[in-house]
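Below are my notes, in the order I looked things up.

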Amino acid sequence: MIRHVRLQVTGVVQGIGFRPFCSRLSDEIGLGGSVRNTTAGVVIDLYGDPEGIDSYIERLQTDCPTLGHIQSITIVLDERIDDTRERPFEILDSHGSGGEHTLIPPDIATCSDCLAELRDPTNRRFRYPFINCTNCGPRFTIIEGLPYDRPLTSMSGFPLCGECSLEYSDPDDRRFHAQPVACEKCGPCLSLVSREGSLLAQGEEALLEAIRSLASGGIVALKGLGGFHVACLPQDLPILELRKRKKRPAKPFALMVRDEKAAEGIVKLSNFSRQILNSPRRPIVICPRRSLSGVSDHVAPYQDSLGIMLPYTPLHHLIMEEIPLLVMTSANLSDEPLISENGEVMEKLKGVADLFLVHDRRITMKIDDTVIAPSGKRTILVRRGRGYVPHPIMTQRDMPRVLAAGAEMRSTFSLGRGRIIFPGQYIGDLKQLDTAVYYEKALRHFIRLFGLRPNLLAADLHPSYACTNIAIKVMGRPEDTLLVQHHHAHMAACLVENGHEGTALGIILDGTGLGSDRNIWGGEFLLGDMGSFTRVGHFREAPLPGGDRAVLEPWRFALALMEKALGPGDAERLARELWPTHSHLFGDILSTLDQAPVTSSCGRLFDAVSAVLGIRDVISYEGQAAMELESSARGGSRPAPFGISEQDGKMVLDWEPAIRWILLEGLHLGAARTSSAFHFGLAEAISDIALEISRRTGVRETVLSGGVWQNRRLLGLAIPLLKRRGLRPLIHHTLSPNDECISVGQAAVASVHWDGRTTK
Ligand SMILES: [Zn+2]
Ligand SMILES: [Zn+2]
């Protein structure tokens, strides 16, 4: 007697080498059978001894290829049979693959096998910049629809040559059913184009010419996986020129580094950062910079860290073999979305790049590089894009057919189906018209790709968010709409990500979001769960003079806080010393403070402290003042004093003692120590309030979400302080704590609100 089981496996199990993996596993364990793709997922038949089969099922999950994600393994058949003849393990051709149980894999960095071939002069793909296989290459960025098969990718225009075709159809070949498979004879080709639009060279010659230009200080736009990059040497002259042409005075640029050794020369790498850097998802990793790195300070002005990434396409590898370090920044104009089309890049960046290294494989869906800031052994996603999207978030309850429209600034959308939330990629600031176009296009793409038909809408309370209007335009009239408060959405996103269904205390710190009382919230203590919440505490409110200008000019809110701490006379006197260039505006602002809207924003508090300490009074990119404040902190110190009080049954975190201390003592101590004390004091005050609320309610799970939690210093201080008080912090792991997670949170709230109104 032997055992026969049939398994149905769902999740991200196509396009990642899952079937060859199944075959290797059965060879190792000594089982016969087969694996095939069906519309209901991957179906595996196994014949052999019972323990072997148990271990196979276990290892399917533990050893699953890195980019795979098993959602469920169902044993649909388990029997004993008499037939004990030897069986091989076969990979069967996939018929009708795709369908609603298929999840699409993200784009995957060039694997070591392909790299070896790329460097092997005897290989027929020697130096071919589009080499890939079942385990690596573009996926999400070339797919137009399901089933994930070549005709529905942007490879459809490249008919396979004889040799590629043999590899593609041979189950024992490592390119079996690799949809983007290609070679020099049949695949995409590089072209080098001048800024006037004339074709200068093709193939290897184009590559060499682009490398020559980069090496001699030129600025080259080059087509990657999810869009174009603009590249140049990390030296003063090319960078200053690039900053001028791109109209980007200070926002940090990412660097591509040849290998770990090149990285070691410019940043300090922990083992954990090394792991993330080398992962096949290949994100940009933010690492502490070395002081004498040879990298120009203009790469990341006033930052103590650098964002670096390793090459992730064959083209990158070929370039980086010649040049160990390159600035590699998203190709766009100021805050517009990434550029992904050849025509568009030529038109928009003709004043930015000297040369354009393009190719003829179309990017069906653009996507930015993912940015990760490791903090100890924690990954903080600063931007979720390539390599991570379209990986889903698994939920514990059935999702309604909901479209969650997200937030305005760091906008994303999410869609629900079954027990899955599909978060879209980082889109950007919807105040830009081009970004709104990108949002709509990406949303339509997701709906088509996953075969979703949302009929319910979850959206922010804010009445005039562009994302909400675009969502309605795309889905038609929703059957029902749920408005979700911004900070509750943050909390729900973190809860669903951590699979926590119970009550928790949310410490939600960010820039701004509309509160239930129509005021601007941003430093919030919320008690609740995925379904509902009560605001049990908040940062003390203060007037925010100048509306949107206050975000761009942190000195405005700083002046308002100084007025509360010192009174108008002393505030104005001190402000004249701190920011003489704005002094003509002080009188008006101070006399109309009581008419300004009030906010409890924690993000604005960071900005204000940055302005008071002379670090940044006017910003040129989002988050600049707070980021530079974090970067400036040095040395241990005692905590800056914060006040805690109770008002109308809510805990209030009062910044006034801290602001007064900074003005009276901190300014003499210097920015480094004062910033350090500010972070420390704030972390303590937050933890004390959390403990007090926990004492009263018995709730110990503490959710940390909101853009402020990208601050690694604050997070690194707060987590141990909370734990020491017996609380259990929950943080984001696969989503960003910033507003990119809002749409996931809205979907999570919707799952409770519309419980029972499921997909089926
Ligand atoms: Zn490969
Ligand atoms: Zn070929």
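**First helix pair**

I began with helix α1 (residues 18-29) and helix α2 (residues 50-62): their axes come within 10 Å and cross at roughly 145°. Axes here are lines fitted to C-alpha atoms, for helices over the stretch in contact, and angles run from 0 to 180 degrees between N-to-C directions. Helices (H or I, at least four residues) and strands (E, at least two) are DSSP runs, numbered from the N terminus. I noted the α1 and α2 crossing as right-handed; that label means the near helix is turned clockwise from the far one by less than a right angle, and left-handed means anticlockwise. On the α1 side the contact uses Leu25, Ser26 and Ile29, and on the α2 side Gly52, Ser55, Tyr56 and Arg59. Two residues are in contact if their C-beta atoms, placed from the backbone, lie within 7 Å. I sorted the α1 and α2 contact residues into 3 nonpolar, 3 polar and 1 charged. For that sorting, Ala, Val, Leu, Ile, Met, Phe, Trp, Tyr, Cys and Pro are nonpolar, Asp, Glu, Lys and Arg are charged, and the others, Gly among them, are polar.

**What I am looking at**

This is a predicted model, where local features need pLDDT of at least 70 and side-chain atom pairs count only at pLDDT 80 or more, while totals for chains, interfaces and linings use all residues. Residues are numbered from 1 along each chain as its sequence is written, and chains are lettered from A and ligands numbered from 1 in the order in which they are written.

I then looked up the domains: domain 1 (2-91), domain 2 (190-359), domain 3 (392-498 + 740-753) and domain 4 (520-528 + 537-731). Those bounds come from an automatic or database domain assignment. The C-alpha centres of domain 2 and domain 3 are 32 Å apart.

**Two sheets**

I traced an open sheet of 11 strands with mixed pairing, in the order β7-β6-β14-β8-β9-β13-β10-β12-β11-β15-β16. Strands pair if DSSP finds at least two bridges between them. At its edges I found β7 (199-202) and β16 (378-383), each pairing on one side only. Inside this sheet, β8 (residues 220-223) and β9 (residues 228-232) run antiparallel, joined by 4 bridges. Val220 sits opposite Ala231 in β9.

The other sheet I followed is open too, with 6 strands in mixed pairing: β17-β20-β19-β18-β21-β22. Its edges are β17 (393-394) and β22 (480-484), each with a single partner strand, so one side of each has no neighbour in the sheet.

Most residues other than glycine have a negative phi, and most peptide bonds are trans. I marked Arg282, which is not a glycine but has a positive phi of about 50°; I found Arg282 in the loop between α8 (271-278) and β11 (284-288). The bond joining Val389 and Pro390 is a cis peptide bond, omega about 10°. Pro390 belongs to the loop between β16 and β17.

Where does the chain take a positive phi just after α21? At Gly698, with about 80°. I also checked α21 against helix α22 (residues 712-724): the axes come within 9 Å and cross at roughly 35°. The α21 and α22 crossing is right-handed.
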